[in-house]
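Visitor: I would like to learn how to read a structure like this one. Could you walk me through it, feature by feature?

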Amino acid sequence: MKFILSSLMLAIAMTTRALGQDVLHPQPNIVYLLADDMGYADAGFMGATDTKTPNLDKLAARGTVLTSFYVLPVCSPTRAALMTGRYATHTGVYTVVRPHAHWGLPLSERTLANALGDAGYQTAIVGKWHLGEFEEAYRPTHRGFDHQYGLWFGMIDYFTHLRDGVLDWHKDDQPCEDRGYSTTLIGQEACRVIREKSPDKPLFLYVPFNAVHNPLQVPDEYMKPFGNLKKPRQTYAGMLAAMDEQVGHIIDTLAEKNLLDNTLILFSSDNGGPSPGRVTDNTPLRAGKGTVYEGGVRVCAFATWPGHIPEGKRLDAPMHGVDWYPTLVQLAGGSLENNPTLDGQNIWPVLTQNAPSPHEVILHCGSKPGEFALRQGDWKVIRHSAGQPELYNLANDISEKQDLATDQPERLKQMLTLLDQTIQANGNAPRGDTTTSGQDHADVE
Ligand SMILES: [Ca+2]
């Protein structure tokens with residue numbers, strides 16, 4: 001029976017190949033859509049009513065929404081975590097990598113693109129890198145990506161692709177003169193990569209949009225449907241709609257290529273929304289980008305792969321961006337042997353079999369020296385770079401309104417000890433950026 005089945009699979013594979021279609025792969029294609037600076041409650045699937053994200057909502061409904069998905073408080077550290085499966089305590093990427101800064105994701109790190117490439121994947125990054133570019137060796141095509149398109153820095157002008165007067169638009173890490181709104185260009189290139197995908201290899205397509213990061217810029221036509229909103233929220237809603245439209249094109253292209261059944265689609269923001277209440281909406285979470293409060297590190301996220309991941313489900317088990325690395329590499333049949341120590345855990349059983357979160361604790365690394373938080377079960381302790389530590393019970397206080405540090409000194413002490421132990425057990429890498437306090441621009445970039 002097994003022989004007949006495998007012969008049948010082979011026959012189908014050969015037939016589809018003869019027809020010029022994609023060969024059946026046991027390894028799924030992986031598309032990671034990363035939004036930049038999107039608030040926890042800015043999408044319809046997270047309850048937003050003043051924005052329009054129909055394509056993200058459709059995808060989320062066909063998969064599982066991850067309501068306790070954590071990342072780091074700003075851009076570069078989250079990207080480092082996604083690319084390595086390691087916390088900032090291991091990579092040293094605690095802060096944003098500024099344009100031309102003489103550091104980046106350490107070259108000793110094995111990236112997700114390296115690992116999936118080793119497992120036989122075609123790899124492409126279309127969007128924002130933000131992990132260093134001052135030497136060639138730090139650029140995406142030297143970090144495991146077969147193909148690169150988009151920006152190296154953060155915070156470029158959406159129309160001119162300039163940052164501080166310097167063009168930051170690249171193709172295969174060479175300057176690129178393509179004109180147009182960056183969100184549109186990113187979507188178009190992602191679709192091209194899918195259309196021209198190698199028929200012999202599964203695809204890892206990483207699409208880190210620079211939307212909806214500031215500067216808040218969007219063609220007028222996208223703002224018009226949101227005339228009832230005040231700026232800057234109106235502009236932001238337009239930017240979000242433009243990004244959602246490109247997500248729709250990416251999904252349509254996957255469908256045209258008949259790849260949807262064999263593609264795992266992941267979505268998240270890279271940090272919480274900045275200026276919550278004015279630009280973004282992190283309801284019901286406290287604060288936003290740049291902080292280790294929930295509004296800075298808990299982000300909107302989902303995972304979609306019909307037939308594999310439950311549809312229409314909401315999953316509250318705590319998980320972290322570092323988890324994708326081991327999860328995806330194992331799903332792809334890749335090897336973690338000789339990999340640097342991982343902080344991430346394989347969350348496939350959580351996603352597919354309702355297993356509990358594999359994390360005893362989740363560590364939050366802030367950008368400011370000495371700033372950390374730790375979640376254990378429902379409890380969360382925060383140690384700021386200055387001032388008193390705080391203690392919250394997220395089970396009945398998701399908004400972190402009631403600091404229990406004074407009421408529960410014993411638990412506070414225990415949690416702070418556990419925090420120190422966790423930091424020590426999870427690497428002691430020097431901070432990559434030694435030139436700033438980590439405080440500068442944390443809230444803008
Ligand atoms: Ca960001």
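This is a predicted model: local features need pLDDT of at least 70, side-chain atom pairs count only at pLDDT 80 or more; totals for chains, interfaces and linings use all residues.

Visitor: Which residue forms a salt bridge with Arg233 at 2.7 Å?

Guide: For a salt bridge, look for a side-chain nitrogen of Lys or Arg within 4 Å of a carboxyl oxygen of Asp or Glu. Here the partner is Asp42, whose closest N and O atoms with Arg233 are 2.7 Å apart. Asp42 sits in the loop between strand E1 (29-35) and helix H2 (54-61), while Arg233 belongs to helix H8 (residues 233-256), so this pair ties together parts that are 191 residues apart in sequence. Asp42 is buried, as is Arg233.

Arg233 also forms a salt bridge with Asp50, at 2.9 Å between the closest N and O atoms. Because Asp50 is in the loop between E1 and H2 and Arg233 in helix H8, the pair ties together parts 183 residues apart in sequence. Asp50 counts as partly exposed, because its relative accessibility is 27%.

Visitor: How many salt bridges are there by this rule?

Guide: The count comes to 15 salt bridges. Another of them joins the side chains of Lys380 and Glu294, at 2.8 Å from N to O. This pair links distant parts of the chain, with Lys380 in strand E18 (residues 379-383) and Glu294 in helix H9 (residues 294-297), 86 residues apart. Lys380 is at 0% relative accessibility and so counts as buried. Glu294, with a relative accessible area of 0%, is buried too. Salt bridges can also be read as a network: Asp36, Arg79, Lys128 and Asp270 are linked in one.

Visitor: Now to the sheets. In what order do the strands of the open sheet of 4 strands come?

Guide: The general idea is that strands of a sheet pair through backbone hydrogen bonds, either parallel or antiparallel. In this open sheet the order is E16-E17-E18-E19, and the pairing is antiparallel. Strand E16 (362-365) and strand E19 (390-393) stand at the edges with a single partner strand each, so one side of each has no neighbour in the sheet. On average, neighbouring strands of this sheet are turned by 15° against each other, direction ignored.

Visitor: Over how many bridges do E17 and E18 pair?

Guide: Strand E17 (residues 372-376) pairs with E18 over 5 bridges, in the antiparallel sense. As one example to find on your screen, Leu374 has Val381 in E18 as its bridge partner. Then look for what packs on the sheet: helix H12 (residues 409-425) touches E16, E17, E18 and E19, and its direction makes about 70° with that of E18.

Visitor: And the aromatic rings: how many aromatic pairs does the count give?

Guide: The count comes to 15 aromatic pairs. In one of them, the ring centres of Tyr94 and Phe372 are 6.2 Å apart and the planes stand at 85°, so the pair is edge-to-face. Tyr94 lies in the loop between H4 and H5 and Phe372 in strand E17, 278 residues apart, and the pair thus links distant parts of the chain. Both Tyr94 and Phe372 are buried.

Tyr149 and Trp169 have ring centres 5.5 Å apart and planes at 85°, so this pair is edge-to-face. Tyr149 is in strand E5 (residues 147-151) and Trp169 in the loop between strand E7 (166-167) and strand E8 (170-171), 20 residues apart. Tyr149 is buried, and Trp169 is buried. Rings can also gather in a cluster, as Tyr32, Trp129, Phe145, Phe204 and Tyr206 do.

Visitor: Which residue lies over the face of Tyr94?

Guide: That is Arg431, at 4.8 Å from the ring centre of Tyr94. In a second case, Arg286 lies over the face of Tyr293, at 4.0 Å from the ring centre.

Terms used:
Residues are numbered from 1 along each chain as its sequence is written. Side-chain values use heavy atoms; hydrogens and water are left out. Helices (H or I, at least four residues) and strands (E, at least two) are DSSP runs, numbered from the N terminus. Buried means under 20% relative accessible area, exposed over 50%, partly exposed in between (1.4 Å probe, protein chains only). Two strands pair if DSSP finds at least two bridges between them. Axes are lines fitted to C-alpha atoms, for helices over the stretch in contact, and angles run from 0 to 180 degrees between N-to-C directions. Contact means heavy atoms within 4.5 Å. Rings of Phe, Tyr and Trp (its six-membered ring) pair if their centres lie within 6.5 Å; planes under 30 degrees apart count as stacked, over 60 as edge-to-face and the rest as tilted. A charge sits over a ring if NZ of Lys or CZ of Arg is within 6 Å of the ring centre and within 35 degrees of the ring normal.
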